[in-house]
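Hello,

Here is the structure we talked about. Please open it first, then read my notes beside it.

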Number of protein chains: 2
Amino acid sequence: MSKPSIPQGTRDFSPQEVRKRQYIFDTLRQIFELCGFQPLETPAMENLTTLTGKYGEEGDRLIFKVLNNGLHEKKDGDKEKLAAEWDKMLSKPYSSPIVTERALRYDLTIPFARYVVMHQNDLAFPFRRYQMQPVWRADRPQKGRYREFWQCDADVVGSTSLINEAELLYIYQAAFKKLQVPVTIKINSRKLLAALAELCGMPEKMMDITIALDKLDKIGWIGVAKELQERGISDDGIWQIEKVINVKGTNAEKLVAFADMMQHSESGMAGINELSKTLEYYREIVSADKEMISGIAIDISLARGLNYYTGVIVEVVCAHPDVKMGSIGGGGRYDDLTGLFGLKGLSGVGVSFGIDRIYDVMDELKVFPAQLTTGSTALIINFGGENEIYALHILQHLRNAGIAVEIYPDVAKFDKQMKYANKRGFAYVLLPGDEEREKNMISIKDFNTGEQKMQSVEMCIKLLSVSK
Amino acid sequence: MSKPSIPQGTRDFSPQEVRKRQYIFDTLRQIFELCGFQPLETPAMENLTTLTGKYGEEGDRLIFKVLNNGLHEKKDGDKEKLAAEWDKMLSKPYSSPIVTERALRYDLTIPFARYVVMHQNDLAFPFRRYQMQPVWRADRPQKGRYREFWQCDADVVGSTSLINEAELLYIYQAAFKKLQVPVTIKINSRKLLAALAELCGMPEKMMDITIALDKLDKIGWIGVAKELQERGISDDGIWQIEKVINVKGTNAEKLVAFADMMQHSESGMAGINELSKTLEYYREIVSADKEMISGIAIDISLARGLNYYTGVIVEVVCAHPDVKMGSIGGGGRYDDLTGLFGLKGLSGVGVSFGIDRIYDVMDELKVFPAQLTTGSTALIINFGGENEIYALHILQHLRNAGIAVEIYPDVAKFDKQMKYANKRGFAYVLLPGDEEREKNMISIKDFNTGEQKMQSVEMCIKLLSVSK
């Protein structure tokens, strides 16, 4: 028998990991629900036709396709077709519906759009939904990149109000505050990027400028300038861009400076207005709370992908100096997502949380609540016979008081039971022996201090209630 | 563009459905954690070799296999092999690893066994785990049977103590009490079924007797007797079986009667002892609480599948007279599950919850908490201008008090906003107009009574806190 293993790029989550991940999910869910976002779940498998052609050629390559069942039970004629289709699949990027009609979800965005279109007559718009589910991609696995990973998205569709953008900023800030992860939220508008291209006198070069600027963090201005040149931006254009990205100051100061530079660009003024209004709404939502306002910074080099977004865009990075990690969240305004499935003109705005990276950051910052580690607070040692029965009564008393506690089920040697307690990492061990049973009390051993003390069951409940 | 749809046998879960399902999952999670069970999550995809050969021929047919990626990018020699393997797959039940090396999880049991074997050196035994994840089967979809459905399992491996059986009974009772689903838990031992075959003088016929008896609920004794005859049980044997299944009374009375009938069967006496000890432990755990004890009934016709279980077996059915539904949970003791992956002699016992059926029963009994329906408690109407800003302040006040509330993001016509509120089913609508803003108050419209009243924000918080 070969040693069992799991597919490359997938993970088992141990009890500790599940609890910590659950803590993140629960925290986000609470905030989403508080803000009127509604949960949605879609199936792991979608029709392959729902997914193909939505993620570009590279994306299509990474979709996990599910083989149709019962192939060998087909009729001879069908088998001939299956063989021919297989031949075609081996020769080019193509998927035959008689070979594979289903595929695993590649993201949560397309299933969401598909859902909205299917249920457009039942839904109340604006529709705010959140969704936290795994997605699958046949990417080459590497550190921090998995073939099964979780996405967590919150979107509002059917409203163009910038209150939505402001509410999503609030959700980000509230969530990361609750999770104890210090963050900077970069904010920009795709309209300013368009205006930048206009400033260079090359509106058709917006994508080139965006792609180059996106690398500012990584390669610095010299590198970006070189790439801009290679992409055919004139020297004057590059100089215009440099002036804009060199604008420093508060968000308000930046907006004033941009307005000065872009006063002749319709797109630029629309972008400035959009950012200014979003930040104003946000300020009102948080009642000008300084802690909630600080950490939101206009960054004109922020690009966020290429074809998707049309208005405000945001990106979240961890602001802790010791943490080296890319973005842990991002999103923005898009138009016409549901147009892909025939429902035109539904504007939307959304953000996503990078669950795996947030987990890693929280682990590094040690901000997960301690009790997530063990689960149960205490182990009750099983001395057998009458003491076993007494132990079961103690067990029930504690559980009725809401204290998570286990009994060692077998009457094993004391050492073996203590070894188990140690390996599991319990804070306390309870020892219901003869004396304890006769006195109707219980001895508690504190695993940190090594101290042991006989107490009433009521005192024991009090002690464990505090420490859980 | 064709109308979007989802694969047959899969489901989208609407906000209301997700919340209700989440309520079930959260309730179960709480009880598992209270009882020291630890969460585990395994990947959706397993290596195909991990799954095949574990579920019988019929099971293997129903496994969803995932196509390997990058087929058309292979070298010519590999493509020839791929074509040959495909040919083989079309001619017989066979899966080539170069065509499909991964498959979707078929249940949670095999992945659990695989996990335990992989982590045997790190785990503290006895290992108690719970797992709540979807599984996939290419079954023919029909009412109540899906191709993607959720399983929820709790198991203890590495302990033979019957305290485990008793704890799992407690988990069932505590869970269904919390979920407000009245249940009967049938309990039996596979050893008694073996003894029944011995009573007939045909120990080798245990499976035949089990299969026939399993149908008692459906076809009655006459039907069972007929099937027993067809399966080669002698008339005397059938009469012996009839005597045993006709034993009525309390659990204690049944055990006495069985002991009398099976006194010469080692297996029978072991089964009786097992049931008696399990019920005794359970009685101690629940401190002889009558409500918790009632509803657990020994049922010697309970069979629970064929090859898997070796000791105590249980099955849960809804006890409400109006609910017609098969079992909503079941489980039992098994030996050597991990033997499949090379780790011998690890006894285990587990139960599972039928999430989809429990959901249906709870819906029918109307026992889901009412607030799961809408999510947010109130909608704040957006009158625009200064009133919009005032509305944002109200919004924040309420959220800070933990009240889930939404603002209509756009300055739309009043009728449109009220129509939205109605469709979403809010209990209250808040109306921050000129007068309210000037007086620093808020009008609340109760959607049930139609009443509208202007109040202080503090009073509004009090009112909504009670009703949420």
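**Salt bridges**

R11(A) and D356(A) form a salt bridge, with their closest N and O atoms 2.9 Å apart. R11(A) sits in the segment before α1 (15-34) of chain A, and D356(A) sits in helix α14 (residues 355-365) of chain A, so the pair ties together parts that are 345 residues apart in sequence. A salt bridge here is a side-chain nitrogen of Lys or Arg within 4 Å of a carboxyl oxygen of Asp or Glu. Over all chains, the search of the whole structure gives 58 salt bridges.

Some ground rules come next. This is a predicted model, where local features need pLDDT of at least 70 and side-chain atom pairs count only at pLDDT 80 or more, while totals for chains, interfaces and linings use all residues. Residues are numbered from 1 along each chain as its sequence is written, chains are lettered from A and ligands numbered from 1 in the order in which they are written, and side-chain values use heavy atoms, with hydrogens and water left out.

**Where the chains meet**

The contact (heavy atoms within 4.5 Å) takes 112 residues from chain B and 112 residues from chain A. About 9500 Å² is buried between the two chains, and carbon and sulfur atoms give 58% of that area. Buried area is the accessible area (1.4 Å probe) that two parts lose on being put together, summed over both. On the chain B side, W86(B), L90(B) and R399(B) lose the most area to chain A, together 7% of what that side buries.

How many salt bridges cross the interface of chain B and chain A? The rule finds 10. In one salt bridge, the side chain of E33(B) meets that of R19(A) at 3.0 Å, N to O. Helix α15 (residues 385-400) of chain B gives the largest share of the side that touches chain A, with 8 residues. Helices (H or I, at least four residues) and strands (E, at least two) are DSSP runs, numbered from the N terminus.

**The sheet in chain A**

Chain A has an open sheet of 8 strands with mixed pairing. Its order is β1-β5-β6-β11-β10-β9-β7-β8. Two strands pair if DSSP finds at least two bridges between them. β1 (38-39) and β8 (296-298) of chain A stand at the edges with a single partner strand each, so one side of each has no neighbour in the sheet. β1(A) pairs with β5 (residues 127-136) of chain A in the parallel sense, over 2 bridges. There, Q38(A) stands opposite R129(A).

Helix α12 (residues 266-285) of chain A lies across β7 (183-189), β8 and β9 (309-318) of chain A. This helix runs at about 145° to β7(A). Axes are lines fitted to C-alpha atoms, for helices over the stretch in contact, and angles run from 0 to 180 degrees between N-to-C directions.

Most residues other than glycine have a negative phi, and most peptide bonds are trans. The peptide bond from F125(A) to P126(A) is cis, with omega near -5°. P126(A) is in the loop between α5 (109-118) and β5 of chain A. In chain B, the bond from F125(B) to P126(B) is cis, with omega near 0°. Q180(A) has a positive phi, near 60°, and is not glycine. Look for Q180(A) in the loop between α6 (163-178) and β7 of chain A.

Best wishes
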